[in-house]
Amino acid sequence: MHEYEKDTILLICSDETAAASIISDLFAADLRVVGPIQTARMALAMAAQTGPTLALLVNEPTGERKSPELAQALMTTWGVRSMMLDATVHVTDSTPDWLAPPDQIDRVRRALARHQAERRPA
């Protein structure tokens, strides 16, 4: 049994190259991925249809909502917690209610780091 077996990641990313790499890494770690999704509106619609366990926001979605607003809307509307790929975004004076639990964030970060390291030449 793999530790990621029950996670489904809603991937919000408008960069095709980055999205392909991230999807590959997450699939290699046995994580399910829905996306990539570019707009906040589509992310909310896909969350309704797929029941993700986490939204991974790689960069700003296109449209009116920015990442924190989308993360809040996903939490309020569908109960989906989020993480930002850029860890510095999480460093604030308060913890937003949409932020995924640290263990879930760590699992995703480990999956991404492990598979990126495997692709580097020796």
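Which residues of α1 are buried? The legends below begin with that helix. This is a predicted model, in which local features need pLDDT of at least 70, side-chain atom pairs count only at pLDDT 80 or more, and totals for chains, interfaces and linings use all residues. Residues are numbered from 1 along each chain as its sequence is written, and side-chain values use heavy atoms, with hydrogens and water left out.

**View 1. Helix α1 and its buried face.** Ala19, Ile22, Ile23, Asp25 and Leu26 are the buried residues of α1. Buried means under 20% relative accessible area, exposed over 50%, and partly exposed in between (1.4 Å probe, protein chains only). Down the axis of α1, the buried residues fall within an arc of 165 degrees, so they line one face of the helix. The arc is taken from the directions between the helix axis and the C-beta atoms. Glu16 and Thr17 are exposed on the other side of α1. Helices (H or I, at least four residues) and strands (E, at least two) are DSSP runs, numbered from the N terminus.

**View 2. The length and ends of α1.** Helix α1 covers residues 16–28, 13 residues in total. From first C-alpha to last it reaches 18 Å, close to the 18 Å expected at 1.5 Å a residue. That expected span is 1.5 Å times one less than the number of residues. Asp15 caps the N-terminal end of α1. A side-chain oxygen of Asp15 lies 2.9 Å from the backbone nitrogen of Thr17. After α1 comes Asp30, with a positive phi near 65 degrees.

**View 3. Helix α2 and its packing.** Ala40, Ala43, Leu44 and Ala47 are buried in α2. Seen down the axis of α2, these buried residues fall within an arc of 100 degrees, so they line one face. They pack against β1, β2 and α3. The face turned away from the buried side carries exposed Arg41 and Gln49. Just after α2, Gly51 takes a positive phi of about 60 degrees.

**View 4. The largest nonpolar core.** A nonpolar core is a set of buried Ala, Val, Leu, Ile, Met, Phe, Trp, Tyr and Cys residues joined through side-chain atoms within 4.5 Å. The largest one here has 38 residues. Leu10, Leu11, Leu26, Leu56, Leu70, Leu74 and Val108 have the most contacts inside it. Elements that each supply at least two residues of this core include β1 (8–12), β3 (54–57) and α4 (102–119). The largest share, 5 residues, comes from α3.

**View 5. Around Leu56.** Contact means heavy atoms within 4.5 Å. Neighbours within four places in sequence are left aside for Leu56. Its contacts then include Ile9, Leu10, Ile22, Leu26, Met83 and Val108.

**View 6. Ser82 in strand β4.** Ser82 is found in β4. Ser82 is buried, with a relative accessible area of 0%. Beyond neighbours within four places in sequence, Ser82 is in contact with Leu54, Ala55, Leu57, Ala71, Leu74, Trp98, Leu99 and Ala100.

**View 7. Gly79 in a loop.** Gly79 lies in the loop between α3 and β4. At 48% relative accessibility, Gly79 is partly exposed. Gly79 and Trp98 are 19 residues apart along the chain, and their C-alpha atoms are separated by 8.4 Å.

**View 8. Thr8 in strand β1.** Thr8 lies in β1. At 10% relative accessibility, Thr8 counts as buried. Leaving aside neighbours within four places in sequence, Thr8 is in contact with Arg32, Val34, Pro52, Thr53 and Leu54.

Technical notes
A polar contact is a pair of N or O atoms within 3.5 Å; within protein, one must be able to donate a hydrogen and the other to accept it, and residues adjacent in sequence count only if both atoms are side-chain atoms.
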